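Thanks for opening this one with me. Have a look at the model first, and then we can go through it point by point.

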Amino acid sequence: MLESLEPIVSLAKRRGFIFPGSDIYGGLANSWDYGPLGAQMRMNIKTDWWKQIVEQRADMVGLDGAIMMNPKVWEASGHVDTFNDPLVECKKCNKRFRADTMSGDEKCLKGKDHELSEPRTFNLMFQTSLGKTGDDKGMAYLRPETAQAMFVNFKNVLDTTRKRLPFGIAQIGKAFRNEITPGNFIFRTLEFEQMEIEYFLEEENWEESFESWANWMEEWAASVGINTDMLHRLEVPKKELAHYSKRTLDFEFDFPFGTKELWGLAYRTDFDLKNHEKHSGESLVYSDPSDNKRKIVPHVVEPTFGVDRTLLAMLVSAYSEEEVKGEKRVVMKFKPHMAPYQVAVLPLSKKEELSGITQEIFEDLINTYRCEYDDTGSIGKRYRRQDEIGTPYCVTIDFDSLEDKAVTVRDRDTMEQERISIEELKSYFENKFN
Ligand code: ATP
């Protein structure tokens with residue numbers, strides 16, 4: 001198991017998963033840019049989630065709400081009043097901490113212990129101004145969660161889709177929080193992406209739904225390659241529950257810097273819809289067609305996922321170092337459907353004779369799989385590079401391929417090599433990827 005994030009941070013930069021944000025200007029604290037491989041993996045995470053949650057379920061629909069919403073939304077949701085962390089500041093070194101999570105062994109750079117101020121509440125929402133005046137009238141917040149768009153659009157969705165309870169709305173999008181102590185690479189940043197579900201139901205059914213979502217979250221974790229031995233359920237104690245929640249399960253993951261929240265599952269009751277009714281003056285009731293149009297405000301179970309933390313847990317789960325013939329081999333053992341590339345096409349030589357056949361194979365495979373092409377350096381080095389970026393299969397084309405119309409397929413995990421006829425290559429991969 002990894003004891004520090006360092007090997008992942010350096011591999012991520014070296015191979016193009018994640019770069020420090022604004023790198024050529026010396027960076028911007030706690031901001032990260034996803035490189036070609038990281039961007040692809042985030043896309044794979046989101047696509048798989050959306051497919052399973054929205055496309056393959058009759059009881060779910062999608063939404064793509066705006067990042068900036070009417071500020072009244074955040075009054076109704078309770079964020080203006082309660083989305084705070086207790087902030088303390090050292091009077092000697094000016095470093096800021098969250099009073100509730102600060103560890104006792106923090107030492108002051110100016111010597112000995114920190115001299116801390118009294119805690120004060122610090123609201124985590126970013127403010128910006130809309131329009132040309134820049135005064136308070138144009139003030140807006142960058143959303144700190146995607147959830148609210150799904151409550152605010154509850155009636156629109158209900159009227160247009162005619163869904164019946166129970167049903168859910170799902171959304172993927174960026175959220176922003178002015179965190180007091182960001183850090184640990186992409187674990188806690190000011191700008192991040194969420195995948196959230198608001199599942200609307202009758203009050204008496206919340207427990208059953210809660211259990212079933214909890215199970216789904218664990219199953220999905222395993223399916224995307226998160227090591228479930230490192231995933232734990234934490235029942236959030238009553239006194240620590242968020243203002244909207246009656247029950248919350250944190251899904252914690254053993255990150256190298258500690259066991260921390262990966263995802264959350266909350267029973268939000270009818271808190272949000274009721275508050276939006278109160279603040280907007282609009283009715284957000286559901287009339288039950290099977291029960292004489294009985295009117296109710298649905299209750300909500302909310303599974304929530306951070307895209308960035310999901311990726312980090314996948315990187316940590318996949319990272320593996322092995323010794324092969326006295327040399328260290330680093331392998332990212334991603335699930336094949338989540339890996340940035342699924343197949344690497346590697347002609348043994350750049351010589352003209354191999355280019356036609358290589359081109360044909362590459363063009364054929366790239367229609368179905370995410371393919372990488374690499375013709376530089378020794379084949380051993382190229383295999384190591386593909387291992388480091390987690391490509392499950394390499395296809396090597398050599399001079400014999402011109403005669404026997406076959407290629408060598410190398411398996412990332414076993415390093416075994418098989419000679420496969422070019423004609424059968426596609427069905428070979430179909431079997432492998434299914
Ligand atoms: P934490 O306790 O770690 O601050 P939270 O309980 O405030 O997290 P939620 O409000 O439940 O987090 O947000 C839902 C999900 O969004 C989290 O489970 C996490 O995956 C992700 N997330 C929240 N804050 C951040 C952040 N600052 N950076 C990256 N991801 C985040």
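The notes below go through the sheet, the helices beside it and the nonpolar cores.

1. A word on the basis. This is a predicted model, in which local features need pLDDT of at least 70 and side-chain atom pairs count only at pLDDT 80 or more, while totals for chains, interfaces and linings use all residues. Residues are numbered from 1 along each chain as its sequence is written, and side-chain values use heavy atoms, with hydrogens and water left out.

2. Start with the sheet. Seven strands form an open sheet with mixed pairing, in the order β3-β10-β11-β17-β14-β13-β12. Its edge strands, β3 (60-63) and β12 (231-235), each pair on one side only. From one strand to the next, the twist averages 25°. Strands here are DSSP runs (E, at least two residues), as helices are (H or I, at least four), numbered from the N terminus; two strands pair if DSSP finds at least two bridges between them.

3. β3 and β10 (residues 167-176) run parallel and are joined by four bridges. Met60 stands opposite Gly168 in β10.

4. At the other end, β12 and β13 pair in the antiparallel sense over five bridges, with Glu235 opposite Leu249 in β13. β13 also runs antiparallel to β14, over nine bridges, and the two form a hairpin with two residues between them. Eight of the nine residues of β13 are buried (under 20% relative accessible area, with a 1.4 Å probe and protein chains only).

5. Next, the helices. α7 (residues 206-223) lies across several strands, including β3, β12 and β14, and runs at about 150° to β14. α9 lies across β11, β13, β14 and β17, at about 40° to β13.

6. How do α2 and α9 meet? The axes of α2 (residues 36-55) and α9 (residues 307-318) come within 10 Å and cross at roughly 110°; axes are lines fitted to C-alpha atoms, for helices over the stretch in contact, and angles run from 0 to 180 degrees between N-to-C directions. The two helices are therefore roughly perpendicular (65 to 115 degrees). Among the residues that meet are Met41 and Ile45 in α2 and Leu311 and Met314 in α9, with contact meaning heavy atoms within 4.5 Å.

7. Finally, the cores. The largest nonpolar core has 60 residues, and Phe17 and Trp49 have the most contacts inside it. Such a core is a set of buried Ala, Val, Leu, Ile, Met, Phe, Trp, Tyr and Cys residues joined through side-chain atoms within 4.5 Å. Apart from it lies another core, of 30 residues, including Val61 and Phe200.

Key
Parallel < 35°, antiparallel > 145°, perpendicular 65-115°, else oblique. Buried < 20%, exposed > 50% of the residue type's maximum accessible area, 1.4 Å probe, protein only.
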